[in-house]
Amino acid sequence: MRSASSPACLCPLLLCLCVIQRSHGTPSPTSSVRPTLSHNQSKPVDVEKDAHHRPKRGWIWNQFFVLEEHIGSEAQYVGKLHSNSDKGDGSVQYLLSGEGAGTIFVINEMTGDIHAKKSLDREKKSHYVLHARAIDRFTNRAVEPESEFIIKVQDVNDNAPKFPDGPFSASVPEMADIGTSVFQVTATDADDPTYGNSAKIVYSILQGQPFFTVDPKSGVIRTALPNMDRESREMYSVIIQAKDMAGSVGGLSGSTTVNITLTDVNDNPPRFSQKNYQLYVPESAQVGKAVGKIKANDEDIGVNAEMTYKIANEEGAAMFSISTDSDKKEGVISLRKPLDYEKKKAYTLNIEGVNTNLDPRFSYLGPFKDITTLKLIIGDVDEAPVFTMDYYIMDVYENAPAGTDVGTVTAQDPDSTRSKVKYLIDQNTEGDTLFSIDASSGLIKTTRSLDREEAAWHNVTVMASEIDNPNLVSFVPVTVQVLDINDNAPYIATDSALIVCEGFKAGQVIQTIRATDKDNFANGQFSFAWPEDLPVNPNFTLKDNEDSSASVLARRQGFSQAEQELYQLPVVVWDGGEPLLSSTSTLTLRVCPCQRGARAPVCRAQAFLSSAGLSTGALIAILLCVLILLAIVVLFITLRSKKSKKEPLIISAEDIRENVVTYDDEGGGEEDTEAFDIAALRNPAAAEEMRLRKDFQSELWRAMSSEVLSPSLTLPDEDIHDVIKLKVVEADRDMSGPPYDSLQTYAYEGRGSTSGSISSLDLPEPQSDLDLSQVDNWGPEVQILSRLFQEKGNQHTP
């Protein structure tokens, strides 16, 4: 903090010293920087002298001093400018320019005295650069050249030390030695460190004794007491003071707070809260599951409190295991083996808790572990029966009659009551219909004859329950193996014919054959031979390889497909079982020209074609038929695509179901009425009938055009309005029309000209040489035209 009394005391004292020094002619802070006059210059310098001649300076200015924070009522005197040319007659005028000239600093133009009008702050601006001139008041000529000088603001102790980054946080390990460095604080002072003691700081501790000390010069905080225990006190708030003026009376001061935390070290061993514990565990507890927990307390924290648990005695370690829960720092006890109340009713465990991260500096505090005793009381539970074996494997021969004994399972009640046990086969297993079990003895029997070739193994689950408590059930798997007997004769698989190449030589192996038997390999190896009742085969021979295989060999050479393509070869095969079984298999051999270079005999492709009876001409004919069919298909697709690209008659953007037709031309005659065919919207079954009726109506209209539909004849005096009415009635009565509105056309061209018709239809017909008797063969259209001409001729015939 800034002291208000100090500047008030110092400023008058300094002013008095200045006045005394000037009166006695001794140097003072201001007089030491007054202008120094040269001895050879007593007259004003002529500035118009030759520029190449450099005159000696008549005054030299260094700097003035002015105290900051001046609080007097009058302006503070700074110093005086004076020229050797000034005779005191008022002819020399002093001028001042530069930083603060006229606003902060003013000069008496007659005497050259400089005063500061405002209070200055060195911390904002420490010095000012100004320029001084001396001119002749009457001629305005410079009597002295312009000179530069500095006014320096002299510091006073007006700023207290500060800790800009405070408050602070620091830490130190507990149990640290005396003098252990904790933290260093640094204060700043805005005053001038080069002038006096205004910025010389001394540190002291205001709060935190006797635990900590601070170095007065460096600000380093250190421990002051040994064996500070975090478990007793963890946080300390230390207040540090910084004072300027080297700590003397009247100096300004500032303070800050340093929050110091004692960090943990492993100086406390784990401790169980009790020396003896007791735990109840039912004998039905599952192996591998947790049966209880135990915990030792450690006053340390973090890694220093980590510990492991172990069971020290062998008996307890054999039945139980213990693991450490790292989150809760607990020991979790799990069951290693099944419990049996009838065998042992209690167990004792010696459990140790040991720190894992030891600090050798504190080993003198004792062993960092603790031990306790845990007694586990085993509770009796009514248990399900227990089988004497974990699983059973039994066997029975196939084809054995129903009721054959397979084997016996045995279960007992493990409780002291030794209740009787009842046996049952689980109905959800596959063997529930093949086997039965005696409820009291556990004897398993077959319910029907078994076939090993259908299933060689059967899995059965047997249940055992106490008669007194049927809800307690145990299960055991039983596997029944069906033993094999020799009840299947061997045979040779003849899926495909054996290939006999035309180039085979006598004694060459055609193929090696093997037999198959549904019985297992225990019935011995297979033997091969020709049937005894058949004569010797002149084409092929059979060799038994005595390794359950036989080779078919060619007896001669010169086989030809043209002579004989297929051969049948019967072979008898025996097994080695008891009883001895055999069967006869017929092999088919095919003669054909074979491909060269193949590892196994393979017929060439033309051999198969010729065997099917197809000649080269037949193949060419088949190929031509296929090409013709392909050409027809391509032509059909081309015609359909051209038809689909036909431009539609309706070019309106509206829905095609509307029957109003637009045209781009100005009339096309009768073709306009055919532009849109609405027959597609009618019943398809009536399409053909409507077409015939349309043809019939067209014929009728042509026949009666001269009498019925001519408005000029039937309605000579009617208006077109009456004609339209007649047509509307006619359309309504027409049952063949569509059931919606459509565009109607009428063959009416007005009343006609008064001058009569100029058509050639009413002119006498010329004689024609055309024989109309042959027109019946020209089609229905020509027939209708013929009838019209005949009727027309009859009308003109008298």
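**Exercise 1.** Which side chain does K275 meet in a salt bridge, and what is the N to O distance?

*Solution.* A salt bridge here is a side-chain nitrogen of Lys or Arg within 4 Å of a carboxyl oxygen of Asp or Glu. The side chain of K275 meets that of D370, at 3.2 Å from N to O. K275 lies in the loop between strand 17 (271–272) and strand 18 (276–282), and D370 in strand 24 (residues 369–379), so the pair ties together parts that are 95 residues apart in sequence. Strands are DSSP runs (E, at least two residues), numbered from the N terminus.

This is a predicted model: local features need pLDDT of at least 70, side-chain atom pairs count only at pLDDT 80 or more, and totals for chains, interfaces and linings use all residues. Residues are numbered from 1 along each chain as its sequence is written, and side-chain values use heavy atoms, leaving out hydrogens and water.

**Exercise 2.** Are K275 and D370 buried or exposed?

*Solution.* Take the cut-offs: buried is under 20% relative accessible area, exposed over 50%, partly exposed in between (1.4 Å probe, protein chains only). K275 has 51%, so K275 is exposed. D370 has 9%, so D370 is buried.

**Exercise 3.** Where is E352 placed, and which residues is E352 in contact with, leaving aside neighbours within four places in sequence?

*Solution.* E352 is in strand 23 (residues 346–355). With contact meaning heavy atoms within 4.5 Å, the partners of E352 are F272, T308, Y309, K310, A312, K369, D370 and I371. E352 is buried, at 13% relative accessible area.
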